[in-house]
Amino acid sequence: MSLLDDVKYKLARLNVLEKIIATNVVVFVIGLLLRKYLVWFELPSNFESFIVRPWSIITYAFLHYDPLHILFNMLWLYVIGQMFLNLFSSKMAINIYFLGAMSGGMLFLLGYSLFPGFFGTNSTLVGASAAVRALLIFICAYMPNQDMRFFTFNIKLWYVGVAIVILDVFGLFGMNAGGNLAHLGGALLGYFYAKQLVKGNDIGRGFESLIGMFSNVKLSKKGPLKTVHKNKSKVGGYTKADFNEFNTQKKIDVILDKISKSGYDSLTAEEKEFLFRAGK
């Protein structure tokens, strides 16, 4: 096996959040060499500049210029990712991550536009902190009473979430006011997403559908796109796969509801194994 094949094999085995970590590291290395060319991917603090580079509402979250900045962001993402993907799907992780980045970016833009006297002018935003905050606060809000091991004692997740938000609020009066404002935007998205999911509303479905629409488009020289139905066995207009997916999701919802009320440790060995397999 060649070195290239070995790299491809290892990348294919990464989960979706680990692939995001790998992407951030690659972009960081590129930034060390070609930083002046990456300015067009930073998020500007005024709407006039943002209009001519709208893609920056997402791309800024992949830019890090400080080694400590990317180190702590990626460590947080890795730790949170292990917990998140044991309970929820990869698609939901993507939804929260990118919506968190966008929410943080929009709050950053609004803050600098509405309160220039407080935040200043002509600033730019980089870093994945808002996206990482969204995942962290989502977990803390979805299962607040779950214990988290902190050195030699356990602490409730909601304590962790509150402490992080308080630190970001105080950070608004420091040197990185814009960055902390974006953190709060990501945190708001994570909290709102969790509370809506508890009610049975997945607010990321629209974003997921949009991403799916682009990823499923296939260009063909032979003619228009065709829809292929692999499973012809239907009941009332639904395939067996539809029913299997529905039943699996209902079982996941029941288990997650149990976690939110009693904590992860209240699950049986069978329920933990089912969640692990469903996460794969």
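This is a predicted model: local features need pLDDT of at least 70, side-chain atom pairs count only at pLDDT 80 or more; totals for chains, interfaces and linings use all residues.
Residues are numbered from 1 along each chain as its sequence is written, and side-chain values use heavy atoms, with hydrogens and water left out.

**Stop 1: H6 and H8**

Select residues 90–114, helix H6, and residues 129–142, helix H8. Helices here are DSSP runs (H or I, at least four residues), numbered from the N terminus. The two axes come within 7 Å and cross at roughly 125°; axes are lines fitted to C-alpha atoms over the stretch in contact, and angles run from 0 to 180 degrees between N-to-C directions. H6 and H8 are therefore oblique to each other (angles under 35 degrees count as roughly parallel, over 145 as roughly antiparallel, 65 to 115 as roughly perpendicular and the rest as oblique). The crossing is right-handed, a term for a near helix turned clockwise from the far one by less than a right angle.

Next, display the side of H6 formed by Met92, Ala93, Ile96, Tyr97, Gly100, Ala101 and Gly104, which meets Ala130, Ala131, Ala134, Leu135 and Phe138 of H8. Contact means heavy atoms within 4.5 Å. These residues comprise 10 nonpolar, two polar and no charged (Ala, Val, Leu, Ile, Met, Phe, Trp, Tyr, Cys and Pro count as nonpolar, Asp, Glu, Lys and Arg as charged, and the others, Gly among them, as polar).

**Stop 2: H6 and H10**

H6 passes H10 in a right-handed crossing.

**Stop 3: the cavity**

The structure holds one cavity of 30 Å³ or more. A cavity is a set of points, on a 1 Å grid over the protein atoms alone, where a 1.4 Å probe fits but cannot get out; lining residues have an atom within 4 Å of a point. The largest cavity has a volume of about 70 Å³, the space filled by probe spheres set on points joined across faces, edges and corners. Select Trp76, Val79, Ile80, Met83, Leu136, Ile139, Met148, Leu157 and Val160 to see its lining. Helix H5 (67–84), H8 and helix H9 (157–171) each give two or more residues, and H5 gives the most, with four. The lining has nine nonpolar residues, no polar and no charged.

Terms used. On a 1 Å grid over the protein atoms alone, a cavity is a set of points where a 1.4 Å probe fits but cannot get out, and a pocket is an open set with protein on both sides within 12 Å along at least five of seven lines; lining residues have an atom within 4 Å of a point.
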